[in-house]
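I opened the model today and took notes as I went. The entries run from a definition to single residues, then to the whole chain.

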Amino acid sequence: MKRVLLLGGGHAHLLVLAALARQRLAGAELMLLTPHADLVYSGMVPGLVAGHYAAGQCRIALAPLAAAAGVSLVAGAAVGLDAAARCLHLDDGRTAAYDLLSIDTGSEQRRDRVAGAAEHALFVRPIEAFVQGQQRLVDAAARQALDIVVLGGGAAGFELALAVRHRLNGETRRDGAQPARVALVTGGPEPLAGYPAAAVREGARVLAAARITVFREAAVAVDARSVQLASGARLACDKAIVATGAEAPQWLAGSGLALCERGFVRTGPTLQSVSHPEVFAAGDVATRDDAPHPKSGVHAVRAGPPLAMNLRRAVDGAPPQAYWPQTRTLNLLSCGGRRAITVWGGLSLGERGFGGLAWWWKDRIDRGFIAAFTTPTAAAGAAPSSLARPEGDDQP
Ligand SMILES: Cc1cc2nc3c(=O)[nH]c(=O)nc-3n(C[C@H](O)[C@H](O)[C@H](O)COP(=O)(O)OP(=O)(O)OC[C@H]3O[C@@H](n4cnc5c(N)ncnc54)[C@H](O)[C@@H]3O)c2cc1C
């Protein structure tokens, strides 16, 4: 019996569980190690903040899927890895040995990049904590008008700034208070930099129409009442939301695995570590040496089925097969209300005109994704979502 350890209940492992539920893996003892009983589907989180969804609608329970897949679910998080000894160190002091390890623990955000942010700001990762934090923010906004500053001009920052604006203005107006004021600090570039020029222009227009002030410079400090920018300017701020780009989990340092210069696990076409073939990695935590792509939920989801196949082949002693990620992705960027900007490769459609239909389309895809995993039977037939968007690499 080979001992196969699935580390992290992320988007890629969701599809691995679905594949294993479809066809159990004989000859292996499988374990999913996860600190959370649910996966939060990040594509719906801006919609949650905007008030379009309840938190329960954005979650997928892992236990029923694991049971259907013949995988034991163990609560815990990895805090260290000794790749040479094939041993994981867990947060409660235990260790877990493996013959095959599959890592899908996503990305992190460093708390110390902006002074004071760790104490005063709400970080989008871990996303489970963000889901709780945004509810406290909404509750506070119902009592008084708030100044909110979002740090990060990538897709997540863009969507969250608009979502907060939409939600809080609605909440406070109902209570007769002043609408919240929202600012977006991009770290330097235009919001949505890296997207096609037309989408960047459209993003700027949508932000201006929502009266979100954009600061194209870095934030250097956050305190209980303000955000300080590199220029010395101080923005009034009751709560800062940090939506900056994906960073590598720190526990990987010292593991012995080959890591890229940013600290993510270097993998090749078979999703195996380039240094340790018994270790697989997919999703945000991995970087493909041969086919680099943005860190996004869709890439994580799409890597799931080939990851499952290669884990099966590794258990069976068969050679692994190559997987090539798609080069072009569909991006449906929500704009607070039930409207979205559409980007496909170099093409984009604005929020005006097609925006309502684009949001309806995104909503359908996202709800469909969740529904596909709500019962193990449905999960067994689940296909990867077609929704994608890269997370910005911008720094505040
Ligand atoms: C607000 C927001 C909106 C987004 N919207 C989109 C979108 O619309 N489309 C899109 O494609 N992408 C989107 N993204 C990006 C997307 O969230 C990530 O790319 C995606 O979640 C990566 O999936 P993953 O499987 O790598 O990791 P995750 O989904 O982050 O899952 C990793 C899991 O591992 C667990 N874990 C973490 N550390 C450990 C540990 N040490 N030990 C064990 N388990 C651990 C975590 O708790 C988590 O459950 C968004 C991101 C944010 C922040």
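This is a predicted model: local features need pLDDT of at least 70, side-chain atom pairs count only at pLDDT 80 or more; totals for chains, interfaces and linings use all residues.

Entry 1: I found Leu 271 in the loop between β18 and β19. Its phi is positive, about 70 degrees, although Leu 271 is not a glycine. Most residues other than glycine have a negative phi.

**Entry 2: another positive phi.** I turned to Leu 192, where phi is near 65 degrees. Leu 192 sits in the loop between β12 (181–185) and α7 (197–209). Its relative accessible area is 0%, so I log Leu 192 as buried.

**Entry 3: the β18–β19 loop again.** Ser 273 lies in the loop between β18 (265–267) and β19 (279–281). Is Ser 273 buried or exposed? Ser 273 is buried, at 5% relative accessible area. What does its side chain reach? I found a polar atom of the Ser 273 side chain 2.9 Å from the backbone nitrogen of His 276. Beyond four places in sequence, Ser 273 touches Leu 257, Val 265, Arg 266, Thr 267 and Val 279.

**Entry 4: Arg 288.** I placed Arg 288 in strand β20 (residues 286–288). Arg 288 is buried as well, with a relative accessible area of 5%. I checked the partners of its side chain. The side chain of Asp 290 makes a polar contact with that of Arg 288 at 2.8 Å. The backbone oxygen of Gly 268 lies 3.2 Å from a polar atom of the Arg 288 side chain. Leaving aside neighbours within four places in sequence, the contacts of Arg 288 include Leu 271, from Entry 1, along with Thr 267, Pro 269, His 293 and Trp 324.

**Entry 5: Leu 100.** Strand β9 (residues 100–103) holds Leu 100. At 7% relative accessibility, Leu 100 is buried. I listed its contacts beyond four places in sequence. Among them are Lys 2, Arg 3, Val 4 and Leu 5, and also Phe 280, Leu 311 and Val 315. I then took a C-alpha distance: Leu 100 and Val 164 are 42 Å apart in space and 64 residues apart in sequence.

**Entry 6: two prolines.** Pro 64 is in helix α3 (residues 62–69). Pro 64 is partly exposed, at 37% relative accessible area. Its C-alpha is 8.6 Å from that of Thr 374, 310 residues away along the chain. The peptide bond from Arg 125 to Pro 126 is cis, with omega near 0 degrees. Most peptide bonds are trans. I placed Pro 126 in the loop between β10 (122–123) and α5 (127–143).

**Entry 7: the whole chain.** I counted ten helices and 23 strands. The radius of gyration is 21 Å, close to the 21 Å of the globule rule for 396 residues, so the protein is as compact as a globular protein of that length. The C-alpha trace spans about 65 × 40 × 40 Å along its principal axes. I read 56% of the 396 residues as buried. Of the contacts with a separation of 6 or more, 66% join residues 24 or more positions apart.

Notes. Residues are numbered from 1 along each chain as its sequence is written. Side-chain values use heavy atoms; hydrogens and water are left out. Helices (H or I, at least four residues) and strands (E, at least two) are DSSP runs, numbered from the N terminus. The radius of gyration is taken over C-alpha atoms; the globule rule is 2.2 Å times the number of residues to the power 0.38. Buried means under 20% relative accessible area, exposed over 50%, partly exposed in between (1.4 Å probe, protein chains only). Contact means heavy atoms within 4.5 Å. A polar contact is a pair of N or O atoms within 3.5 Å; within protein, one must be able to donate a hydrogen and the other to accept it, and residues adjacent in sequence count only if both atoms are side-chain atoms.
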